[in-house]
Structure formats: structure tokens, C-alpha cells
Amino acid sequence: MSDELKNKLRRTRHLQRSLDRLQSDLLSLFGIVEQMINKSVRSLYQRDIGLADEVITSDEIVDQREVAIEDDCLKLLALHQPVASDLRWTTTVLKVNSDLERIADLACNIAERAKALTHFPMFPIPDDFEMMVSEATTMVSRALDSFVESNTALALSVMRTDERVDELNRKLIFELREIMKRDPESVEPALHCFSAARHLERIADLAENIAEDVVFLVDGEIIRHKPEEHGRTTPRANGK
């Protein structure tokens, strides 16, 4: 075997090890962020300050891991200069990594609203919020599964679900407005609930971002501005 071939095989092995390590680190981050979402929602319903503080404390870990993964991606690009599918995978990891960090921030925001709502133990959280939680958390879980499995069908199902979350958010806003009209004392807790719902809706948007990145990873196609490609009847709003 020639020295040139030996060097090529060595570089290939080093690249694969780097890719495997990146995937392992990203999967670990997935798990932390999903736990943060679940804990933030539980803290809201249970009015549990301790649980909310756990979410907020976890954010520092997420920030550190997000920076480490980004650094590893940049080193991999510089040292190994991957091409084709390996290049797409690495650039997708960069984007998914950033979206996960933003989801973690939003989970912290929900936890902060949960802490504020502990002062209003009798305020009832509307049923539509619980439905939003179910849809949004399912979107995040399926988006992450679609990335791990390189499953575009699952990714497309995530994108279609986002309209459902948007509709639930609109219904919830209307319901909270009606509550505030009927009872002026409910204005402050209703606003906290409204804010939590907005953060939850944004989490769903970021889950859709991840799903779109999966389609790019597998098919090499950017569909972000093509709502008809994944069954949405309307384009996404600015900023989503």
C-alpha cells in the first residue's frame, strides 16, 4: 500500500471519528433540551419554583455544550475539509446546534413565567395551552428523531403540525383576552400565560427549522421558503 493511500485512509478514519463524536455530543444536547422543555411546562402547571430553577440552571450547561459543538464543527471543516454528504451533515449540525440553544433559552423563559405564576395559584391555565404543549413537544421530539434517522417523511410531518400550533396559539390569545375583559384582577397572570404560550409557539417554530434542515441534509434541497413543499397552506410569518 502506497504512503499516499495510507494517508488518505488515515484521514478518512479521523474524519469518521470526528463525525461520530459530534453526533454523540449533539444527541446528549438533545436530551438536555427536551428535559428542559418538559420541566418548564411542569413547573408552570404545578407552580413549582424549584423545578423552574432547575431549568434555568441547566441553561448554562446548554450554552457551554453549544459552544463546544460549534467549535468542533469548525475544526472539522478546517482540518478535514469534508465534501458532499459529510459537508452537508456538518453544516446541518451547526444549524441544529444553534436552534437547540435557542429552544433551551425559550424553555428558561417559560420557567420564568412559571415562577411569576406562583403568585396566582388560583388562575386556571386554559385548555388550549395544554394542547399547545402536547403538539409543540411532539414536534420537537419528532424533529430530533427525524435528524437522527435522516427521515424526511417524519420531518415533513413536523412542518405540517406547525400550523396546528399557530391556530391553537390564536385561540389561546382570544381566550385570554376574554378572561381579562371579564376579570381585571386576572390581567397579570393572563399576561404571564400569554407570554409562556408565545415562547411555546416559538419552540414549535424552531422544531420546524430543524425539520427543514433534515430535508436539506437528506435531499440537499432548501425548502424554507416553499410552504407548498411540505403541506402548509400559508407561508411562515416573518421572523419564524
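Predicted model: local features only at pLDDT ≥ 70, side-chain atom pairs only at ≥ 80, totals over all residues.
Ser-150 sits in the loop between H4 and H5. Its phi is near 50 degrees, a positive value in a residue other than glycine. Ser-150 is partly exposed, with a relative accessible area of 38%. The protein has 6 helices and 0 strands.

**Fold and confidence**

- From the N terminus on, the elements run α-α-α-α-α-α.
- Buried residues account for 44% of the 240 residues in the protein.
- Take the contacts between residues at least 6 apart in sequence: 83% of them join residues at least 24 apart.
- Mean pLDDT for the protein is 88, and 88% of its residues reach 70 or more.
- Confidence is highest in H6, at a mean of 95, and lowest in helix H1 (residues 3–46), at 82.
- Residues 2–9 have a pLDDT below 50. Beyond near neighbours in sequence, this stretch has 2 contacts in the model.

**Loops and backbone angles**

- Most residues other than glycine have a negative phi.
- Arg-47 has a positive phi of about 55 degrees, although it is not a glycine.
- Arg-47 is in the loop between H1 and H2.
- With a relative accessible area of 17%, Arg-47 counts as buried, because the cut-off for buried is under 20%.
- Ser-186 is in the loop between H5 and H6.
- Ser-186 is buried, with a relative accessible area of 4%.
- Not counting residues up to four places away in sequence, Ser-186 touches Phe-123, Ile-179 and Met-180.

**Nonpolar core**

- In soluble globular proteins, nonpolar side chains tend to be buried together.
- The largest nonpolar core here has 65 residues. Those that touch the most other members are Leu-26, Val-33, Met-36, Val-93, Leu-100, Phe-129 and Phe-147.
- Two or more residues of this core come from each of H1, helix H2 (49–80), helix H3 (84–117), helix H4 (127–149), helix H5 (152–182) and H6.
- H6 gives the largest share of this core, 14 residues.
- Leu-26 is in contact with Ile-69, Val-93, Val-96, Asn-97, Leu-100 and Phe-147, leaving aside its neighbours within four places in sequence.

**A residue in H2**

- Ile-61 lies in helix H2.
- Ile-61 is partly exposed, with a relative accessible area of 37%.
- Ile-61 and Leu-29 are 32 residues apart along the chain, and their C-alpha atoms are separated by 9.1 Å.

**Cavity**

- Rolling a probe the size of a water molecule over the atoms shows where empty space is left.
- The count comes to 1 cavity of 30 Å³ or more.
- The largest cavity has a volume of about 40 Å³.
- Its lining is made up of Lys-95, Glu-212, Asp-213, Phe-216, Glu-221, Ile-222, Ile-223 and Arg-224.
- By class, that lining has 5 charged, 3 nonpolar and no polar residues.
- Helix H6 (residues 187–219) gives the most to the lining, with 3 residues.

Key. Residues numbered from 1 in each chain as written. Heavy atoms only, no water. 1 Å grid on protein atoms, 1.4 Å probe; cavity = no way out; pocket = protein on both sides within 12 Å on 5 of 7 lines; lining within 4 Å. Points joined across faces, edges and corners; volume = space filled by probe spheres on them. Helix = DSSP H or I, 4+ residues; strand = E, 2+ residues; numbered from the N terminus. Nonpolar A, V, L, I, M, F, W, Y, C, P; charged D, E, K, R; others polar. pLDDT = per-residue confidence, 0-100. Contact = heavy atoms within 4.5 Å. Core = buried A, V, L, I, M, F, W, Y, C linked by side-chain atoms within 4.5 Å. Buried < 20%, exposed > 50% of the residue type's maximum accessible area, 1.4 Å probe, protein only.
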